[in-house]
Amino acid sequence: MPRTNLIRIINFPKIEDYRGNLSFVQEGSQIPFEIKRVYWIYDVPGGEFRGSHAFRKTEELIIALSGSFDIVLTDGTYEHRFTLNRSYYGIYIPEMIWRKIENFSTNSLALIVASTDYSASDYIRNYDEFLMTAKKK
Ligand code: TYD
């Protein structure tokens, strides 16, 4: 089975209210990992991209809290592109998927929920190394 088959959109509860909407994410049934870390990407200048790496072990959930951006994901064979532009769903990305985040709109805010503490050694930043490591799995 291609690893990209494990990628999926996760819809969050959306509590609609005349005072504004509310959504939330919590550990357990909603997301398939224990939450260890949350970080966010913001103030991205026009035309810039983020990512271009894979994680050996880290699983992530990426949410567009504001604005929009595209996520391009590949396992080395299959590629999928998602546009995130609503704050009531996110995309689940398992470990060992190469990702690039691009086309950030003005004032976009990406929230990332991760399954591990930050570790530089969990990154694969060289695409050829990613392909080699993926093949061995
Ligand atoms: P990086 O993950 O490479 O950014 P992106 O994939 O969005 O382009 O992280 C950029 C820098 O921030 C890098 O030097 C590592 C550091 N960093 C942390 O210290 N802790 C974290 O949790 C993250 C995600 C990054």
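## Close-up views of a predicted model

**Figure 1. Strand β9 in the predicted model is largely enclosed by the rest of the structure, because 5 of its 5 residues are buried.** Tyr89, Ile91 and Ile93 point one way from β9. Gly90 and Tyr92 point the other way, and these residues too are buried. In a regular strand, side chains alternate between the two faces of the sheet.

**Figure 2. Strand β9 pairs with β1 and with β6.** The pairing of β1 with β9 is antiparallel and extends over 4 bridges. Here Asn11 is found opposite Tyr89 of β9. Strands β6 and β9 also run antiparallel, and 4 bridges join them. In this second pairing, Glu60 is the residue opposite Ile93 of β9. Ile93 points the same way from β9 as Tyr89 and Ile91.

**Figure 3. Glu60 and Arg99 form a salt bridge between their side chains.** The N to O distance is 2.8 Å. This pair connects distant parts of the chain, with Glu60 in strand β6 (residues 60–66) and Arg99 in strand β10, 39 residues apart. Both partners lie under the 20% cut-off for a buried residue: Glu60 is buried because its relative accessibility is 0%, and Arg99 is buried with a relative accessible area of 3%. A further group, made up of Asp70, Arg81, Lys100 and Glu102, is joined into one network by salt bridges that share partners.

**Figure 4. Arg3 and Glu95 meet in a salt bridge.** The whole structure contains 7 salt bridges. In the one shown here, the side chains of Arg3 and Glu95 come together at 3.4 Å, N to O. The two residues are 92 residues apart and belong to distant parts of the chain. Arg3 is in the segment before β1 (8–11), while Glu95 is in the loop between β9 (89–93) and β10 (98–102). Arg3 has a relative accessible area of 23% and is partly exposed. Glu95 is partly exposed as well, at 22%.

**Figure 5. A salt bridge joins the side chains of Asp17 and Arg19.** The N to O distance in this pair is 2.7 Å. Asp17 counts as partly exposed because its relative accessibility is 28%. Arg19 has a relative accessible area of 68%, so Arg19 is exposed.

**Figure 6. Arg50, His53 and Arg125 each place a polar side-chain atom by an oxygen atom of the ligand.** For Arg50, the distance from the polar side-chain atom to a ligand oxygen is 3.0 Å. The corresponding distance for His53 is 2.5 Å. For Arg125, a polar side-chain atom lies 2.7 Å from an oxygen atom of the ligand. On its own, the ligand has 530 Å² of accessible area, and the protein covers 61% of that area.

How values were computed
Residues are numbered from 1 along each chain as its sequence is written. This is a predicted model: local features need pLDDT of at least 70, side-chain atom pairs count only at pLDDT 80 or more; totals for chains, interfaces and linings use all residues. Side-chain values use heavy atoms; hydrogens and water are left out. A polar contact is a pair of N or O atoms within 3.5 Å; within protein, one must be able to donate a hydrogen and the other to accept it, and residues adjacent in sequence count only if both atoms are side-chain atoms. Accessible areas come from the Shrake-Rupley method with a 1.4 Å probe; for residues, only the protein chains shown count as cover. A salt bridge is a side-chain nitrogen of Lys or Arg within 4 Å of a carboxyl oxygen of Asp or Glu. Buried means under 20% relative accessible area, exposed over 50%, partly exposed in between (1.4 Å probe, protein chains only). Two strands pair if DSSP finds at least two bridges between them.
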